[in-house]
Structure formats: structure tokens, C-alpha cells
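Hi,

Here's the structure I promised to pass on.

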Amino acid sequence: MQAARNGLKSAVRTPGKTLLFVLILTVTAALLTVSCCVFGAVRGYLGNCNDYFRTIAELEYMGQNYPDQAVFDEGCAAALEANRDTISALIASDSVLAWEPASADLMISPLIHRKDNTVPDPDAAILRIRLYNSYDSDSFNGLVTETLYSRKDHTNLLITILTPADGTKLEVGKTYLMAGRFFRNIFQPGKVSVYENDRINDVPAVIPDGSGEEAEAPFRRSAELLHVKNDSCRVTYTAAIEDLYPIHQQVMFLTEGRFFTQAEYDAKAKVCVVSEKAAGLLMLHVGDKIPFTVFHGNGDLYNTANLTETDSGEYEIIGILSHADAYPYWVFLPDAAAANAELRPVNGYSIGQFRLKNGQVSAFLDAAAPLLKQGFRLNVYDQGYAAATEPMEELLFLSVVFLAVCLLLAFCAMSLQSHIFISRQRETARTMYALGSGKKHVCVYFLTAALALTLVGAVLGAVIGILAEDGVFGIMRRFASQYATQDLRFSATRLAVTRTLNFDPVFSAGTYLLAAGILVVGTTAFTLFFTLGAMKKRKNASKKKSAGQRPHKRVARVSRLSGFFKYALLSLRRSRARAGAVLLLGLAAALFFGQLTASLDGYREQLAAYRANAALSGTATDYYGKLISGLNIDPRPIVNLADSDLVKDCCFTTSLGHIKVLKVLEEGEKPSYERFQSAFQFDSTFLEVNRGSVWTGTSSVSHNPLYHYTQEGSVTWLEGYSDADFIQLVEYEKKFNDPFTGKPMIEKYWAGPSICALPRSMMEAQGIRLGDRIDTLVAFTDESADDQLFHLVFTVAASYEAPAGSSAVFCPVTFLRTTYQDETYYLPPDKMGVDEDTRYLIKKNYWTRKELFDAQSIGLSAALNYSGLSFTLTDINRLDELRQVLDEAGFTWVHSGDRTKDFAVIEDEVYLNTTHSMERQIQYVSFLYDALYLLAGVIGFALAWLLVLSRRREIAVMRALGTQPGRIVGNFLLEQLLLMSVGLALGVVVTILTGAALRRAQLLLTAAFLGVWAMSALICLVTGLHKKSFAALTEPE
Amino acid sequence: MSILEVHGVTYRYENKYQTVNALNGVDCAFEEGQLYALVGKSGSGKSTLLSLMAGLMLPTEGEILFEGKATASINLNRYRRENAAVIYQSFRLLPLLTVSENVTYPMELRGFKGKQAREKAAELIARVGLPETVLNRFPDMLSGGEQQRVAVARAMSMDTKLLLADEPTGNLDTENSRLIIDLLLKLAHEDGYCVVVVTHDLDIAARADRVFRMRDGKLAPEES
């Protein structure tokens, strides 16, 4: 205690030094605190990202019936059986967190499907009918005497029927069992009409009554099957509804509902989540109950033999899903055991889904590679995890650098402070030791004082840290918020982050304790080290002296050096440790500057590249007008814009619809065109294709607006035809006379081979190679707003590196220009169909001059079909001018997402947001780097000062010997300059050797560091030459 | 004739708390060929007087005349380089220079270079009784006595008439102390140096030609 008290007294009695030490420790503590906070906050944010985003991979089988959700595919069953082990291994792989197989259950309820026509076969019925007269030889009137199956009971209603297609003759007065499609005649209430009297489920259209049970049996089986098909819906058991692929992909949203409690779950409460459409049609609300009978399926669900009833009762609706067009009658039941359900082949193509560890998609795809060659496909979506975390990981790196520099600074500060603290009182330590104080006593004396100063410094530093934290976090919050949207900037991927994830670090006392702990531990260690060293040195020195030992055994060569700078040169040669340390410091400083300037320049270059490649995309799409008129908008303003000097590198684009690549065709193989069995099958397939890849016609893939705002400004071509060739392949000119004026005209036609460019990821996933012919299913909505769904065959002519998550299929298309008199008309390609084998050509996308005028004469602009233009501003500073031109041309600034508006022209919001946020980020990084440069400068200044100061005795001796001050300054300055110059030069050389570009900023900073170093040495030398410097001559060793 | 004269020299150390008169009207004179001992208790001002004579600082009042010229009026650097050689208790050799280079350093300041200086250094090293083998060694390889002899050789290399020694035997054992004092006496009596030694050691004082006793910044009556 006495030692501790004395230690504290010593601190109090030297207020000047104590204040200085407290100041150093306060600054160190503040820096440590802020750096720890920043590091912790960024790490915490990344952890939040991991919790917030989920990566889901849906496993599909690309079978014969793909993408029909209703059909049971035997091939899928066989493939599942053959690959069961592989799938099991994939489920057990490290990158998989959970697996949920697609459910093979059905739910049947008398309420379902009574009021809508989206069921597989809405009008199918099997009726017993007695004919009582005929209109002609093919049309009869009759009475329905029995309804074996129908969604609406037709019994005792009058009916009009037709002779079956197989030609079976019907006779008036007889009763027949009939299968077909019937509807209630709205013009004759109470009467039913048949519109397709044909086979249903392979059941004959008609048999005479009394044909016998054997003949009637197929009708009864068909009635059961229709009951299952039309009155049922799929049931999915799930442990986490938000992980189900459509919800995860945000195709579906839970719009209302109530909390489902653990108690309810434990009690196996009968609850369900239904679609908005079902709830609307059935007029159900959250809290209402639906009677369900649940059947477990084993094989084809629409074969009643495969169904086993597992449960029935009233299920309470606890949630309603919106935007579930593709899944109008999908019921979700909570069941954690679903994850362990047996893997079974099911109707449709979805086998199940994996929940993956974020950031491990590549590893997962590698593990899944064998499956992908067996007809399976994986849809992986990470919700933007990569896009959100990549920039923050970069920030994490910066914060680590910042933390490392702060730790280094703290290390230097603590060691120097302890060294100065002890060395100033070395005699005290020695005296105490010599007077018999134990080591412990001496250490307690110094430790008490040092720790008291440290604690004061840590508390003050923490206060400064708390004050600074808010400001720093404010900057970081703004920084992070830019990534919670679709802002893509420095991300190599283009995953849209549509959710908001706030950067919201919380105050953590642990961080402050950590910083204080580092200080306390560091100060304690250094204080003990130097205290013990002070005592030990004394002991060793006396030992050596008494034993007559000499510390070194080195002999120098005779130096031939002479001249003014001899001393500097000798010192350089002989103080190798010191020289080595300075060289290393110079090397590290140059590399440090190189790294930071490269990083900052990299950001600036990215911004410049982004600006250079910036092409504000335009999509002139008159969706609304087209819906009501069937006409298209006037393309001329777009083309006039393309012709103006405001823009360059124009790329015309046509959104053709959506596409799903089905399979690679063998040589000579033609796609099999299966006729859709029902409207339900068509609709579900259409929606399924619509959910898939975008099918785009373009005059340049690289400049297509779809990939406009990626990091590179365009996609990367990998192999196959070049972008230019890709489009050149399909152009040719045709000369003809204008049909109206007879003047010669030239048209450029797009009539090339059916080629396409696919993203590499798609090719890898589906085993497609360059040159393969692929069978695809395409979906688009024609001018009459009718949904169209066709098979098309393409040859894969090129592949490109798409930003992750994008899978557009590009076909070459160009706008055709026809020059006539003084006006130029731009005509879309005359054929969108791409293969002679296909019957599916868009009928009318060729517009004559007359048609254009006709369109305008009724007040509607003639238009391109779903077309747009991408372009690059010739001068980014002319953006406002471009806006004005577009305004004058009648374009508005409305986003195309709002379909009630006419136009969506230029999307500069992303550009401006991106450039502004990049500028902000550069500003932020620049600020951080400036702070680091300043810190480096302070460290350099301090070290140079200390280096010269440590040689004050040499300087004093030289002065005492009468050396001219200029000579002393010259020698010491030259030594410092030479050492640091060589060290920095080495750093620059290493920078070059590592292949990094040598940057002007790096050289400037390196030169500035050298200047600071020299300046510090010079000031220390000049100030050290005053008369008091001779005091060093009489100081004890 | 006196080579160095001290006339009414007063020196005050000042800081914001106190002013200390380290020297208070000191008058004395030193001649060539003599060894003078400056003795006195700690704090009596003898080292301050030596520093003033060495040209490390200037007196607050009074003057110090070297060969009749006041040190305040001459270039002190040059004075230290050409007129006053100092030997310190802690030797103060330049650690990065070898023994030879330490000795040649003052010569080089005066324009001697290369072989000529090295030969002179070797000769001086021999004169102070050190073997030739130490020439290319560094100071930290030598014992205290050897280092002090190198310091004497360095002082001799300055080719001055005035040789000042501040506690030259303070860090040495008896044998080495005796050797150093013999050396200094020899320099005074045989080579004609004016040697001024600040010391506590009464044995050294006893061997000096003259002894100046200092007390409270003043010279006590002279003894011979």
C-alpha cells in the first residue's frame, strides 16, 4: 500500500508530465474505442445480414411434362429413385441448413372451387340424360336425370347436347350416360348446354343406359377423378412459411393474419393459410373455418387409388396470401416434421427446396453438379445477401485496417509512454531496488501511477468515443442504407435488394470495456517490462563490469570514407538495427499508401467507369394504351433521340416475354408439342413460364438496358459469336417499292437463324453447350392481351456472364428503318417467330405508313411492341438537356412499374442515386483515409523525432568537439533522409513487383511522408542544438 | 603567461521558480605546462566553471579570456574545435565510430584527412598506452580505463593547449585512475598542455601543480 501511495504521489507531484501522459492515453483510448465500435458495428451488421437474408434453392425435375404442375411424371419418379443417394448426400452437405420436400398431399373441401373457373376441368361433368327430341340429326334436347359428377348439380334441368365426335348415333327417347363439358345457359335459365361432348379421362363420350356395371365403371372412376381434380387443392406442410420459394422470392406475400402461437402448434391446432383469391371467392376471412379432408398421396395424386385420408375437420384460416396467382388454391399447414418427410415423387416438377447457408451457393452448386446432369434443375435465390454484404465486407476490411492502425498506434503510444515514464524515473527504480525494496514493491510503485493515469485516460477516451460514436455511426448508417435498396454500386453481382435492412448498431458497454482492457493490459505489460528491465540492466551491468566482460566482440573494417557526410554514411553502415527498422517502416508506409490510394482510386475509377458507361435506359412502353386500343405507340421520338447527338451506342430492345428452357434437343429431334389438357394446365404453365427468365430481343446484349446498371455497365461475353456478330447474323436488306407511292425503298430485315445467347449459369445448370439446339417454352401477351404460350427451338450461339440472379435469354433483333421521302419510319421486325418449325409467330408487328397515320388519326400513337431503347449520353453533363428533349417529345418521367401511366422513358433515378451514393462513399472513404494518412504522418513525425532525440548525446559530444552545427544537421538529416528514401523506394518497388499500378497519389503521399520525416528530424535537430543540449554530456548513462 | 584567465565570472541558472548563482565572481588564471585541480563539494560550481572554460556556455557576468580574447567575442564552435579539449567522466566517445575514427574525428574537423589522420591517431593511441589492436574496435568493446584513454587521445588529437577534464577518473578503478592521472601529468609537464582537472579525488589534487578549491561558487584561497 505504501508503494502504491508513493506511486500516486509521484504522479500528482509531476502535473505537467501526468497531464501529457493522460492526454496520450485519452487520445489512444478514444481511437481504440471508435475503431472497436466501427469494427463491432460492421461485424454486427454482417451478422444481421446473415440472419435477415435467406438463401433458398428449389430443386426441380425437367421432365417430359415440365412445367405442368398437375401431371405426375413417371420419369421424375424414376430419376428420384435413381438419385436418392445423391439427393440425400446433398441434403446432408455442409452448405444446407434445412430441406423440405414438396408435399404430396391433397386437401378436398366441398367449398373449394365452387365459384371460379381455374380448376383443372371446370365444366367437366358426367350426367345421365334422357333425350326427348332433336333439332336436327346432330342436336338433341334432353333432361338430366342423374348427376354422377359436376361442380354444379344439373339434375332435372333441360339440356341441349350434340352428337359425340366419335359419331355414335343418338336416339330420341333413350337414356344415355354422357361424359363431356357442360355449362349453364345464361340465356335460358334452367337449361344446360354441352359445348364439347367428347371423351373425358379416356371415358367414352356416351353409352346407352343399362349397358351394365362394367361399361358404367369407367364413368364412375372418371367422376371420382374429376372430384379429386376439381374439388381439391395442394397442401404444403412447412416448418417456415417464409422460406417457401414463392414467398421467399416475394412472388407471394402474407397480407393479413394473426400470430400462430407455440401453444397452438404444440396442441396440433388445425390452422391454415390460404390465398387471397380463394378467400375472396369463398368470402372467407382470417378466423373463419374451412372443412378439410386431407389425403396423403403416393404417386399420381389424381388417381384416387393413390390417396389415403389422413385428417379431416375444420381448419381455421390464420393467414391470407396475396399475389398468389400461380397458386390460387394452395393451403399451407404448419408442421415442423415436414422437413423430415419422406422424399416422394409428386405431381408437378418441384421436388422440394433447400435452405442454404448464406454465401455458400457456389459450394452447394458444386455439390449438386451430378444432379444437374440427370435432368434436375436448381433455382437459387439469396434475396440480395451477396449484394448487401459485399460492400459491407469491404467496409469491414477498412475497419480492420483502421483497428489495426489504432492498435499499432496504441501499442506505440503505450510502449513509448511507459518507456518515457520509467526512464524518467530510472534512478528512482534503481535506488529503491538498491535500498532493498523488492521487485514487487518497485513494480507496484510504478504500476499504481501508470494504471491511475490509464484509467483516467480510458474514461476520458470513452467519453470522447461516445460523443464521436454517434457521428461515425451516422455516416455508416447512411452508407449502409444505400445497400438496403437496389443500389448496386461496388457489388459484382446484381441481386436486387428490395428489403430494408437498417444499420442500427446498439451501444455496447463491452466495446468500451474492451478498449479500456487493451489499455490497462498494455500499460501494465509495458510498465512491468520496463520496470523490471531498469532493475535488471543495473544488475547485469555491474556483473559485466566485475567480470571484466565486454558486451560486444565486433571489429570494424578501416573506413576509407571521408568528407562532410562521413559520419552519416558510417552511421548508416553501422547502425543496422536502426537502419533496418527505418527501412521497414518506409517499406510499410509506402505499401500502406499504395494500398489505400489503390483502394480509393479503385472507387474513383469505378465511379468514372460507371459514369463513362452510364447509359440511361429508356423503355417506351404503352401498356395501358395498348390494352385499350390494340395499337402501339409512336416510335419516332425514340428513334429521333437515337439519331440525336445527345446519345450514342444505342441499343434497341424488345421485351418478347418470358422463356423457360426445357431441354437440349438431340440431333434431328423435334420438340414434342403437347396439347394442353385444360385451361388450368395452360394458365398454370403460363404463369410458371412467366415466373422464369426474361426473353428479350436486342440489338446488343452488352448494352441491353436489362443489365445496364451493373458494375461493368454491361455483361461479359464469354464465348460464341461476339456481340457485334450476334446481331449482324440476322440482318439483311431488302429493296422494294413503297406500296403507296411506288418509290424505291430499302428495308433491313431481321430474318436470321433462330439463335440465342444464354447466361453461363443457366448453361451450367442445365448442361447446355454452345451450339446445342434447345427446346424452350415461351410466354407472352399479344396485342389483344391474350396470353400466348409456345414451344420455340433456338441454337445457342453465345454465352455471357450474367450478374448473379439474372437469367435473361437474348435473341437478336433490330429495328428496321425505311426511308421514305423526308420522313423516317421505324418498323419492328416482321417476324418474331424464329423457327420455321414453329407455328407461333406474332401476327402483326409490322406497321405500314398508312397504319401509323391511321393510329395517329384516332388520337393514339402508333407504337413499337414492348420496345425500348438504351443509350449512352454523349456527355453526362447534358442530362438535363436530354430530359428537356424527352419532355418535349411527350415522354413523362413515370416508372414503368405503374401500369396505369403511359410511358416510362428514362430511368435516371438509379443513375443519380448510384453516382451520388458512390460519391458519398468515396467521400466517406476519403475522409477515413485522410485520417489514416494523418495518423501515419503523426506516427512518422513522432518516430523521426524520437530517433533523433535518442541520439542527443552524440549530438552533444559532436558539438562539444566543436563540430559546426551545419555539419551535425547535415549528417543526421542525410542519414534520416537516405534511410527513409530507400525504405519508401523499396515499398514502391514492391508495389510494382506485386503487379499493382503505381499511382500518383501513392507517390505524392510517399513524398509527403518523407517530407514529414525529414521535417521532424530537422526540427528536432535544430531545436536540439541550443546550449542546453550540453546537459546530455553530464547525464548518467 | 596565462593561457586562460577568468575574471569576475558569475553564472546563474535560472528557472521560473528560483535563481541559483552557481559561480559568484570567480577570478583565476591558468598557464601552460601546469596541471590544475579544481576541487570542491558537489554543487560548489567547479563543473560549471569547467563548462564555461570549455566554451560550452558563456558567463552571466565577467569574462573568460583565452590568450587574451574573451570567449564571448569569439566563435565558440571554433574555440571548442581548436582551443579547448574536454575529457568527460563518462568518456563520451561516439559509439558508431571506431577508436581510430573517434581520435581522427577532431582532426578531420580541422581539415586533416585519410592516411595522415589515421597515422596520427595510431601514434596518439600508442602514446596513451593502448595497443594498436584497439584501433578498429568500437568504444563499447573497451573497458572504462581504455575508453578514457581513448578520450585522452581524442583530446590530444585536437592539438590544443588547453585540456579540460571533468572527473576523468570518476568511473574508473584505482589502477586506471592512476594511469589517467599519470597521463595527464605527462601531458602537462612534458608536452606543455595547460590541464585543468575537476575532481573530488584528494590524491589527484595532491599531485596537481596547483589546486583551486571552490566553495559556494567562489574560489577559496589558493594552495600549492
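By contact I mean two residues whose C-beta atoms, placed from the backbone, lie within 7 Å. Helices (H or I, at least four residues) and strands (E, at least two) are DSSP runs, numbered from the N terminus. This is a predicted model, so local features need pLDDT of at least 70 and side-chain atom pairs count only at pLDDT 80 or more, while totals for chains, interfaces and linings use all residues. Residues are numbered from 1 along each chain as its sequence is written, and chains are lettered from A in the order in which they are written.

First, helix H3 (residues 74-82) of chain A. A:Cys76, A:Ala79 and A:Leu80 are buried there (20 or more other C-beta atoms within 10 Å of a residue's own; 12 or fewer is exposed, in between is partly exposed). They span an arc of only 100 degrees around the axis, so they sit on the same side of H3(A) (the arc is that of the directions from the helix axis to the C-beta atoms). What do they pack against? Strand E1 (55-61), helix H4 (84-91) and strand E16 (350-356) of chain A. On the face turned away from the buried side, H3(A) carries exposed A:Glu81 and A:Ala82.

Next, chain B. B:Ser2 lies in strand E1 (residues 2-14) of chain B and counts as partly exposed because it has 16 C-beta neighbours inside 10 Å. Leaving out residues up to four places away in sequence, B:Ser2 touches B:Ala29, B:Phe30 and B:Glu31. Its C-alpha atom is separated by 9.4 Å from that of B:Leu65, 63 residues apart along the chain.

Cheers
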